[in-house]
Amino acid sequence: MTVHFPFDNTYARLPDRFYARLAPTLVSAPGLIRLNRDLAQQLRLDPDRLSSPEGVAFLSGNRVPDGAEPIAMAYAGHQFGSFVPQLGDGRAILLGEVVDQNSIRRDIQLKGSGPTPFSRRGDGRAALGPVLREYLISEAMAALGLPTTRALAAVLTGEAVIREMPLPGAVLTRVASSHIRVGTFQYFAARQDVEGLRLLADYVIGRHYPHAAESDHRYRAFLDQVIAAQAELIARWLHIGFIHGVMNTDNMSIAGETIDYGPCAFMDAYDPATVFSSIDRQGRYAYGNQPRIGLWNLTRLAETLLPLLSEDEERAVAEASEALEAFASKFEAAYHAGLRRKLGLLTEREEDPTLAGDLLKAMAENQADFTLIFRRLSDAAAGPERDEAVRNLFINPLAYDAWATRWRERLSLEPQGGVRRQAAMQAVNPAFIPRNHQVEAVIQSAVEQGDFAPFEELLTVLSRPYEDQPTLAHYSEPPEPNQRVYRTFCGT
Ligand code: AMP
Ligand code: MG
């Protein structure tokens, strides 16, 4: 009996300069923390075998499964606005690709699996805390319905990694539509390797944007679709209060998935200037700045594609600019459509963005909890007798009353109401998000006491974010002032 990975590796068939071939580094005492059994099944992997000692040897990098062609991918990127021509997988190894139950090709990657030629000064390892954080938040994002990489497993290595102090080491098995980034395109552009760029673009079109291949202007169509996917993704981040924290171009997936969960966090009280990341001192990646940064990153992508867009440079720049101009309207459309759903509006009216914007403004002025407000509005949609729970979240409840009158007038113009509206609102306004103080608390229990029960419980709660879970209702509560977490760390 052995674990069979049905690998079919297409990226490893691209030319050698796209990656470095190497196996993960051995670890001394691998131990399974958690296997995502549902995801294993989606990937057509046997969860029982994966959690056996042999499976854990694969998940820790101690054994390379048959059919794997392990590689560290090459990429570049702008980090906080500065270009670094070579980054690459410094602590991750792509084992290979499998085609899942839905015929979708997915990468299986070990993160924290030892040094690679791209490690620069790093040790190639991951500490337990950041591995648990990525596991929790990426799985929460998936349950919330957002495009994201997934977590298949987390294992302990039995070895310490040295950060400011020795910490338990761990490996995350990450699953992604692919690990190709804006920075992967920048890697070839920086080397003026137009052939490499074209191979990469054709590969990505074949794998992620097959419709673009039908266009007479396939690279333009590809750029348009990446822009549309990112506009949609970032709008969805805003709808649930997510702050990525390090939107460097190497952390932006070409497939439109949320990727590279580092110092990411969810906002509690609504404030567009919210920043958690300890390294983001200027607020470059603040909650409300994410659309602007998304466009900045896409502009870097468009620049790399110029040689493919047209042989005529002026023409190429015109094509790129036209494509980028669509970002704002695509983002606005997705953002406002989502806000309408959050407010229980199924039809569209010109005044809706103002109505939504005024609520957000009142929330900001009253330090109101973003997630709870919308969840409780779902109940208040049934009638003003349920208003109290929403009002109480505002420092000055009168700010809500004035707004609620306008909201009810607007609701009266909707074709359907009552219970169906409440259900529709609950399906888009989560009760549970990975609140930072809870994430930090479960990580602390695991790292300091070796107690993974709180991690497991939080993971369970977050797997059904849109359902009321009365016995676990305390997980929906915002932090008390003394529980607030103001800073999250990259945890490399
Ligand atoms: P990140 O900020 O985690 O997205 O990583 C940025 C770059 O640093 C990527 O090239 C990573 O592979 C690399 N990197 C991060 N942490 C480590 C580490 N512990 N060892 C080697 N490389 C790392
Ligand atoms: Mg990264």
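**The ligand and its surroundings**

Guide: The chain is divided into domain 1 (11-179) and domain 2 (183-341), with bounds that come from an automatic or database domain assignment. This is a predicted model, in which local features need pLDDT of at least 70 and side-chain atom pairs count only at pLDDT 80 or more, while totals for chains, interfaces and linings use all residues. Residues are numbered from 1 along each chain as its sequence is written, chains are lettered from A and ligands numbered from 1 in the order in which they are written, and side-chain values use heavy atoms, with hydrogens and water left out.

The two domains form the setting. Their centres, taken over C-alpha atoms, are separated by 23 Å. In domain 1, 38 residues are in contact with 40 residues of domain 2, where contact means heavy atoms within 4.5 Å. Both domains give residues to the shell around ligand 1, so the ligand lies between them.

The shell itself may now be described. There are 18 residues around ligand 1, and those that come nearest are Gly 88, Gly 90, Arg 120, Gly 124 and Asn 251; a residue is near a molecule if one of its heavy atoms lies within 4 Å of it.

Individual atom pairs come next. A polar contact is a pair of N or O atoms within 3.5 Å; within protein, one must be able to donate a hydrogen and the other to accept it, and residues adjacent in sequence count only if both atoms are side-chain atoms. Gly 90 places a backbone N or O atom 2.7 Å from an oxygen atom of ligand 1. Arg 120 has a polar side-chain atom 2.8 Å from an oxygen atom of the ligand. For Asp 123, a polar side-chain atom lies 3.1 Å from a nitrogen atom of ligand 1. Taken alone, ligand 1 exposes 480 Å², and the protein buries 88% of that. Such accessible areas come from the Shrake-Rupley method with a 1.4 Å probe; for residues, only the protein chains shown count as cover.

Val 175 is found in strand S10 (residues 166-176); helices (H or I, at least four residues) and strands (E, at least two) are DSSP runs, numbered from the N terminus. At 0% relative accessibility, Val 175 counts as buried; buried means under 20% relative accessible area, exposed over 50%, and partly exposed in between (1.4 Å probe, protein chains only). Leaving out residues up to four places away in sequence, Val 175 touches Leu 39, Leu 43, Arg 106, Asp 107, Thr 149, Arg 150 and Leu 152. Val 175 and Thr 149 are 26 residues apart in sequence, yet 5.6 Å apart in space, C-alpha to C-alpha.

Ala 229 lies in helix H7 (residues 218-240) and, at 22% relative accessibility, counts as partly exposed. Beyond its neighbours within four places in sequence, Ala 229 is in contact with Tyr 209 and Gly 256. From Ala 229 to Ala 255 the separation is 26 residues in sequence and 7.7 Å in space, C-alpha to C-alpha.
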